[in-house]
Amino acid sequence: MSEEEMDRETEDRTEEKKRTMSAGRAVGITLLNLLAMVVVGALIVVGALYLLDVYTHHGEAVKVPDLSGMTREEAMSAVRSMDLDLEIVDSIYTEGLAPGVILRTSPGPGSIIKKHRTIFLTTNTTTVEQVVMPAVYDTSRRRAEAALRSAGFIDVTVKMVPGRYNDLAVEVSDRQTGRVIQPGTKLPFNTPLVLSITSTISLDSLYDADTTAIDSEVAEALQRIGQTEEPDGEDLPEL
């Protein structure tokens with residue numbers, strides 16, 4: 001083998017060795033990159049789980065106490081050690097309870113929740129809800145009662161009064177003051193009302209009844225009718 005051929009063979013071996021080393025280096029870099037990606041992915045998963053655990057306060061559950069009947073300040077003192085927040089979301093009127101007291105909570109008493117959560121409160125309003133008197137005159141009893149209850153009135157008493165038509169609403173009044181309530185008037189929803197409904201009972205039959213058992217207004221009306229005098233014969237014109 002000539003010297004020139006020997007040099008060429010040496011160069012070929014050197015090039016092959018370089019290619020082998022380069023390929024090995026590339027594989028090593030690839031493996032290192034894959035390993036780094038796995039490590040980073042594992043760290044991300046572990047970090048996410050840790051943050052989720054911190055956010056949800058895992059293992060820090062408490063039982064919601066019964067706060068009904070308390071004021072917001074009293075309730076705040078009751079839950080302070082539990083790291084819970086309170087928020088009023090609704091107010092309704094309940095007769096017989098002090099204004100501002102808690103009526104119910106969400107979640108309710110006995111519920112298990114995490115610390116630092118918010119309990120939503122419904123409290124007793126400080127003012128009575130006002131509702132508008134509907135127009136019920138000249139409607140049937142059924143429609144008049146339905147309209148009053150749909151408007152929000154909860155205390156309605158029906159009183160029968162004489163009239164030319166049967167079962168017709170003619171008046172709504174305040175049971176305590178006797179004041180006639182006009183349509184469109186705003187009143188507390190718990191105002192005691194009297195709904196006057198006409199009856200076609202004849203006046204003669206009412207005369208035969210014991211007037212002490214008749215409503216005072218009806219008795220006065222009958223008395224006025226009974227005092228009406230018929231004209232004397234002497235005053236009649238001659239034919």
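Student: How many helices and strands does the chain have?

Tutor: The chain has five helices and ten strands. Keep in mind that this is a predicted model.

Student: What share of the 239 residues in the chain is buried?

Tutor: Buried residues make up 21% of them. The accessible surface of the chain comes to about 16900 Å², and carbon and sulfur atoms account for 55% of that area.

Student: Why is Leu31 called exposed?

Tutor: Exposed means over 50% relative accessible area. Leu31 has 53% relative accessibility, so Leu31 counts as exposed. Its place is in helix 1, residues 3-56.

Student: What makes up the nonpolar patch on the surface that includes Leu31?

Tutor: The patch is formed by Val27, Leu31, Leu34 and Met37, and together they have about 420 Å² of accessible area. Membership calls for over 30% relative accessible area, and Leu31 stands at 53%.

Student: How do you know that Arg141 and Glu145 form a salt bridge?

Tutor: The cut-off is a side-chain nitrogen of Lys or Arg within 4 Å of a carboxyl oxygen of Asp or Glu. In this pair the closest N and O atoms are 3.4 Å apart, so the pair meets the definition. Both residues lie in helix 3 (residues 141-151), four residues apart, which is about one turn of the helix.

Student: Why are Arg141 and Glu145 called partly exposed?

Tutor: Partly exposed lies between the limits for buried, under 20%, and exposed, over 50%. Arg141 has 30% relative accessibility and therefore counts as partly exposed. Glu145, with a relative accessible area of 22%, is partly exposed too.

Student: How many salt bridges does the structure hold?

Tutor: Two. Besides Arg141 with Glu145, the side chains of Asp155 and Arg175 meet in a salt bridge, at 2.7 Å from N to O. That pair links distant parts of the chain, 20 residues apart: Asp155 is in the loop between helix 3 and strand 7, while Arg175 is in the loop between strand 8 and strand 9 (186-188). Asp155 is partly exposed, with a relative accessible area of 27%, and Arg175 counts as partly exposed at 37%.

Student: Why are strand 2 and strand 3 said to stand at the edges?

Tutor: Three strands form an open sheet in the order 2-5-3, with mixed pairing. Strand 2 (85-92) and strand 3 (102-106) each have a single partner strand, so one side of each is left without a neighbour in the sheet. From one strand to the next, the twist averages 30 degrees.

Student: What makes strand 2 and strand 5 a pair?

Tutor: Two strands pair if there are at least two bridges between them. Seven bridges join strand 2 to strand 5 (residues 118-124), and the two run parallel. Ser91 stands opposite Thr123 in strand 5. Helix 2 (residues 72-79) lies across strand 2, strand 3 and strand 5, at about 150 degrees to strand 2.

Definitions and conventions. Residues are numbered from 1 along each chain as its sequence is written. This is a predicted model: local features need pLDDT of at least 70, side-chain atom pairs count only at pLDDT 80 or more; totals for chains, interfaces and linings use all residues. Side-chain values use heavy atoms; hydrogens and water are left out. Axes are lines fitted to C-alpha atoms, for helices over the stretch in contact, and angles run from 0 to 180 degrees between N-to-C directions. Contact means heavy atoms within 4.5 Å. Patches are made of residues with over 30% relative accessible area and no salt bridge: like charges are joined within 9 Å, nonpolar side chains (Val, Leu, Ile, Met, Phe, Trp, Tyr) within 5 Å. Accessible areas come from the Shrake-Rupley method with a 1.4 Å probe; for residues, only the protein chains shown count as cover. Buried means under 20% relative accessible area, exposed over 50%, partly exposed in between (1.4 Å probe, protein chains only).
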